[in-house]
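This report walks through a single protein chain.

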Amino acid sequence: MLFSTVAVYLCTALGFATGVISAGFNELNDFAKDSGTVEAKADPPLVSFDSFGNMNLVISLINKYRVAHQAPVVNWNSSLAIYAANAAYPCNFRQSHGPYGEILAGSTTVNNPEWFVWFVYGENTSYNFKNPDVTDPRTKHFTQLVWAGTKQVGCAFASGCPELKYQLWCEFFPKGNTGSQLAYRNNVKPADKTKEIPAMPPTNV
């Protein structure tokens, strides 16, 4: 079953990570100008992020879900994308404990980064908009995805990791999933039924 090959994780921890530029990625700082695709070969994964290609499709899809849930669109931030690329580089599919909201999605077979966004959005069916459980880890991807107070995002897509071959990492700023139930109700709003909810993208399996 396709869903059995997918794992998702959301970083909710605060605290700044030190030394985020890993070996082999120092050169990425020179490309933080939103000028196209940046790829860095590593062993084993290839990590890429860009502002016009596949990642533009990812951001477009994120924003469609955000607009549907009455949240403003987010803008691409290359510094967040570099952070995501460096977090993905070690092939350690765990939260980075950085200062941002972080969504991780991975699969052994699905190689379409848009599909991962759709997959984590599916958590909305478990979210209680009227009485949100602010500690429920099963809905943290969805709530960060549409968190109204978030303004910027940067993503990286990794392929070639031994356990989960394809991985999408997205970093959000300001960080969502913080505060009381009131904060959740103010930042995670029900879908506007007049807005389009995008369907599942191709899986490219």
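A residue counts as buried when its relative accessible area is under 20%, and as exposed when that area is over 50%. By that cut-off, Trp147 and Tyr184 are both buried. The model is predicted.

**Fold**

The protein chain has 5 helices and 7 strands. Along the sequence, these elements run β-β-β-α-β-α-β-α-α-β-β-α. The chain has 205 residues, and 51% of them count as buried.

**Aromatic pairs**

How many aromatic pairs does the structure hold? The count is 14. Two of these pairs are set out below.

| Pair | Centre to centre | Angle between planes | Geometry |
|---|---|---|---|
| Tyr65 and Tyr121 | 4.0 Å | 10° | stacked |
| Trp147 and Tyr184 | 5.0 Å | 85° | edge-to-face |

Tyr65 and Tyr121 form the stacked pair. This pair links distant parts of the chain. Tyr65 sits in helix α1, residues 54-68, and Tyr121 in helix α3, residues 113-121. The two tyrosines are 56 residues apart. Tyr65 and Tyr121 are both buried.

Why is the pair of Trp147 and Tyr184 edge-to-face? Planes over 60 degrees apart count as edge-to-face. The planes of Trp147 and Tyr184 stand at 85°, so the pair falls in that class. This pair, too, links distant parts of the chain. Trp147 lies in the loop between α4 (140-145) and β6 (152-159). Tyr184 belongs to helix α5, residues 181-187. They are 37 residues apart. As stated at the outset, both are buried.

Which residues make up one aromatic cluster? They are Trp115, Phe116, Trp118, Phe119, Phe157 and Tyr166.

**Thr135**

Thr135 is found in the loop between α3 and α4. Is Thr135 buried or exposed? Its relative accessible area is 59%. The cut-off for exposed is over 50%, so Thr135 is exposed.

The side chain of Thr135 makes a polar contact of 2.8 Å with the side chain of Asp133. Ser180 is 45 residues from Thr135 in sequence. In space, Thr135 and Ser180 are 10.0 Å apart, C-alpha to C-alpha.

Definitions and conventions
Residues are numbered from 1 along each chain as its sequence is written. This is a predicted model: local features need pLDDT of at least 70, side-chain atom pairs count only at pLDDT 80 or more; totals for chains, interfaces and linings use all residues. Side-chain values use heavy atoms; hydrogens and water are left out. Helices (H or I, at least four residues) and strands (E, at least two) are DSSP runs, numbered from the N terminus. Buried means under 20% relative accessible area, exposed over 50%, partly exposed in between (1.4 Å probe, protein chains only). Rings of Phe, Tyr and Trp (its six-membered ring) pair if their centres lie within 6.5 Å; planes under 30 degrees apart count as stacked, over 60 as edge-to-face and the rest as tilted. A polar contact is a pair of N or O atoms within 3.5 Å; within protein, one must be able to donate a hydrogen and the other to accept it, and residues adjacent in sequence count only if both atoms are side-chain atoms.
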